[in-house]
Every structure is written in C-alpha cells, then in structure tokens.
Amino acid sequence: MLGLDIKEIITVGMVLFAVIDIIGSVPIIIDLRTKFGHIESEKASLASGFIMITFLFIGEELLNLIGIDVNSFAVAGSFVLFFLALEMILGIRIYRDEEASSASIVPLAFPLIAGAGTMTTLLSLRSQFHTANIIIAILLNIILVYIVLKSSSKIERMLGKNGLGVIRKTFGVVLLAIAVKLFAANVKGLFL
C-alpha cells in the first residue's frame, strides 16, 4: 500500500523538527515581526510546506537541471543563515527589502523554515523512508510552525524585552554554529 508507518513518521518528524528548529527561531520571528509589522502565519506555513513537499519530489532533479549540486545549494544556504545570525548577534540590519510588506515568504518560509538544511535533509530522508511518511511528517511540522508563528506575540510578552535580547543573541550564536556546520559539512563536496 502506501507504506504508512507510525515509527517512520515519528523518526522523520523528529529529524525535521530538529533541522527546522522553529522553537529556536522564535527570536528571529519576533525580530522580523518588529521590522515588518506583522507576519502572515498562514502564508508562511503554507509556503514552507509547499516548498518542502515540492523539493521532496523534484529537488535533486531541479538542482541537476540548473547545474547545481546539493553541496553547492547547502553552502549557499549556510551563507544566508550566517548573515541572519550576524543580524541577531550584532543587532545590525543586513537584510533590506524595502518593497516587501511582510517577511512571510522571504526570509521566513525560505530560507529560515524551508532552507538549505531542511531541503538537503529531505533529500537524504527520501533515500531511507517511504515518501508518504515523509509527507505526513512535513505536515505535522508545518502545523507546529503555524502554532509558533501565531503565538509569537504571546511568547514575546512572556519573555519581555530583556529576555528576548538574551535569547536573540544566544540563538544568534546557535544559528551561526549551524551555518558553520552546514558550510563545513558541504564545502568538501564542492572540490571532489
């Protein structure tokens, strides 16, 4: 049949949860909401889910078609994460898009939620698990993403300005470490 397996769904869901790291992204989400006034939670969640499911099916072929290997894609994504981390740690603004009315698609849906780390993870999961289980795990993670996006203002009120500042800098360092790890893990593949 479809190969539905609860154990696989839980495993893939946990892996995606760790890579997406929506809880760790709360300071970035709050920062983006402050810059843009609001975040369209539905739009960001649907866009993220669409990007992930589409990439699951055509990601590798799409990258091959335009002559980009997975390693190059991951290295490029690591740079985007690196600059987002610098914004958080140093309190500077690097990302400037005066035309945008919200940050729901860029940089929230892509590359923050459905970024290079998530996409390369999806490609590796596809070789180990049934596609139906991966899709269910993606949908469960998107529901969690939506809940966190919707409650970001409540989280902000709970933590306060000082608490957010500490968390923003802490997660900025964590995001910087993820960017460096993503870069280091894939840069070798560029020269092989």
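Student: Which side chain does arginine 126 meet in a salt bridge?

Tutor: Good place to start. Bear in mind that this is a predicted model. To call a salt bridge, look for a side-chain nitrogen of Lys or Arg within 4 Å of a carboxyl oxygen of Asp or Glu. Here arginine 126 pairs with glutamate 61, at 3.9 Å from N to O. Arginine 126 sits in helix H6 (residues 116-126) and glutamate 61 in helix H3, so the contact ties together parts that are 65 residues apart in sequence.

Student: Are these two residues buried or partly exposed?

Tutor: Arginine 126 is partly exposed, with a relative accessible area of 32%. Glutamate 61 is partly exposed too, at 44%.

Student: How many salt bridges does the rule give?

Tutor: The count comes to three.

Student: Which residue does glutamate 42 pair with?

Tutor: Its partner is lysine 150, and the closest N and O atoms are 3.4 Å apart. This pair links distant parts of the chain: glutamate 42 belongs to helix H3 (residues 41-65) and lysine 150 to helix H7 (residues 131-150), 108 residues apart. For glutamate 42 the relative accessible area is 38%, which means partly exposed. Lysine 150, at 46%, is also partly exposed.

Student: And what does glutamate 40 form with lysine 43?

Tutor: Those two form a salt bridge, with 3.9 Å between the closest N and O atoms. Glutamate 40 has 28% relative accessibility, so it counts as partly exposed. Lysine 43 has 40% and counts as partly exposed as well.

Technical notes
Residues are numbered from 1 along each chain as its sequence is written. This is a predicted model: local features need pLDDT of at least 70, side-chain atom pairs count only at pLDDT 80 or more; totals for chains, interfaces and linings use all residues. Side-chain values use heavy atoms; hydrogens and water are left out. Buried means under 20% relative accessible area, exposed over 50%, partly exposed in between (1.4 Å probe, protein chains only). Helices (H or I, at least four residues) and strands (E, at least two) are DSSP runs, numbered from the N terminus.
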